Amino acid sequence: MSSFINELERIIKVVSTLGSLPINIFHKIVFCSFAKAGLSLFNATDAQKAELESLIEAIPPVFRGLLKGELYLSALKFTRSINLLLWEAKKLIIPEEANIHFILDFLRKNVGKVGGVIVLDCASIPEMVTIAGKFAHTNRNVVIYSRIFANPIGVTRFLTEQLTHLGREPALKRYAQLLKEELEASFSIKKSLIDLVVHEHGVSVSDFLNSLNMQEIIEQINHFMKQSSILITSDHGYDLVANEHGLYITHGYKRKCPLNFSRIALFLVID
Ligand SMILES: [Zn+2]
């Protein structure tokens with residue numbers, strides 16, 4: 001369980017040194033290191049690898065060594081341990097991490113009180129690492145918890161349907177509100193920017209990277225950071241799919257793919 005956390009912490013430490021880069025380049029470096037790791041574990045075709053390489057070519061040469069070296073190796077170890085975790089979770093009918101009661105209990109005991117809660121619909125590992133790295137760069141304390149929310153089907157509904165057992169409306173903003181109450185926060189917000197970009201019809205990796213406005217997300221978080229500690233989480237991440245049409249981003253993908261991150265949501269606290 002804890003091995004993926006070690007790798008993530010290593011990645012965040014490395015990328016925090018890039019914190020002064022424009023956020024879109026920063027995010028692209030993080031995304032491409034995970035994508036490269038995913039493709040090498042997937043036995044990708046030469047055409048699929050070439051598609052990613054052309055995206056990497058657009059990154060300033062001075063950062064490519066880091067992307068293909070240290071970051072890639074850590075992303076590889078991380079992705080391997082997450083794949084193992086997902087494979088093990090599959091054997092259980094309802095893994096603990098997929099149960100909202102269990103998650104709330106864990107957060108109450110381990111996170112305690114926070115100032116605010118931000119739920120980013122569809123925020124995946126590269127976005128959480130980008131946010132963590134960017135705030136670590138400004139000397140904020142960043143903690144990623146060893147517990148994840150496991151979403152076995154990679155869609156919002158899996159989480160929100162559990163809210164009805166708690167007498168709540170099955171909506172993601174209600175989940176944010178529930179976390180706010182449990183962690184005695186003074187506000188909660190839900191943002192759908194990432195999910196909206198992923199749902200644009202047939203989003204290719206290059207369209208995804210070019211249309212996702214990470215700057216807007218960072219500014220929104222920054223606005224609240226002036227107050228106090230913030231818990232940032234999501235309902236699911238997204239998958240990187242490689243097939244005959246090339247590389248694209250979706251969530252809830254049912255077949256084998258290079259990055260199956262729609263099955264996990266991280267809990268990140270910045271204070
Ligand atoms: Zn969605």
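The model is predicted, so local features are described only where pLDDT is at least 70 and side-chain atom pairs only at pLDDT 80 or more, while totals for chains, interfaces and linings use all residues. Residue numbers start from 1 along each chain, following the sequence as written. Helices (H or I, at least four residues) and strands (E, at least two) are DSSP runs, numbered from the N terminus.

The strand that holds the opening residue is β1, residues 116-120, and β1 pairs with β4 in the parallel sense over five bridges. Here two strands are taken to pair if DSSP finds at least two bridges between them. In general, strands of a sheet pair through backbone hydrogen bonds, either parallel or antiparallel. In this case G116 stands opposite F187 in β4. Strand β1 also pairs with β5, again in the parallel sense, over four bridges, and V117 has L231 of β5 as its bridge partner.

These strands belong to an open sheet of five, with the order β2-β10-β5-β1-β4 and mixed pairing. The edges are taken by β2 (142-144) and β4 (187-191), each with a single partner strand, so one side of each is left without a neighbour in the sheet. From one strand to the next, the twist averages 15°.

Strand β1 is mostly covered, since five of its five residues are buried. A residue counts as buried if 20 or more other C-beta atoms lie within 10 Å of its own, as exposed if 12 or fewer do, and as partly exposed in between, with C-beta atoms placed from the backbone. G116, I118 and L120 point one way from β1, V117 and V119 point the other way, and all are buried. Helix α11 (residues 214-225) lies across β1, β4, β5 (230-233) and β10 (268-270), and runs at about 155° to β5. Axes are lines fitted to C-alpha atoms, for helices over the stretch in contact, and angles run from 0 to 180 degrees between N-to-C directions.

Helices also pack against one another. Helix α2 (residues 23-42) and helix α6 (residues 125-137) pack at an angle of about 130°, with their axes 9 Å apart. That angle makes α2 oblique to α6; angles under 35 degrees count as roughly parallel, over 145 as roughly antiparallel, 65 to 115 as roughly perpendicular and the rest as oblique. The crossing of α2 and α6 is right-handed. By definition, a crossing is left-handed if the near helix is turned anticlockwise from the far one by less than a right angle, and right-handed if clockwise. On the α2 side, I23, F26, H27, V30, F31 and F34 meet I125, P126, V129, T130 and K134 of α6. Residues are in contact if their C-beta atoms, placed from the backbone, lie within 7 Å. The residues of this α2 and α6 contact divide into eight nonpolar, two polar and one charged; Ala, Val, Leu, Ile, Met, Phe, Trp, Tyr, Cys and Pro count as nonpolar, Asp, Glu, Lys and Arg as charged, and the others, Gly among them, as polar.

A second pair is formed by helix α7 (residues 156-163) and helix α8 (residues 172-182), which pack at an angle of about 60° with their axes 9 Å apart. Helix α7 is therefore oblique to α8, and the crossing of α7 and α8 is left-handed. T156, L159, T160 and L163 of α7 make the contact with L172, R174 and Y175 of α8. Those residues divide into four nonpolar, two polar and one charged.

Several loop residues deserve a look too. Most residues other than glycine have a negative phi. N43, in the loop between α2 and α3 (46-57), has a positive phi near 60°. N43 is exposed, with 10 other C-beta atoms within 10 Å. N139, in the loop between α6 and β2, likewise has a positive phi, near 65°, and counts as exposed with 9 C-beta neighbours inside 10 Å. E97, by contrast, is found in the loop between α4 (61-91) and α5 (100-110) and counts as buried, with 20 C-beta neighbours inside 10 Å. Leaving aside neighbours within four places in sequence, E97 is in contact with A89, F102, R147, I148, F149 and A150.

How values were computed
Contact = placed C-beta atoms within 7 Å.
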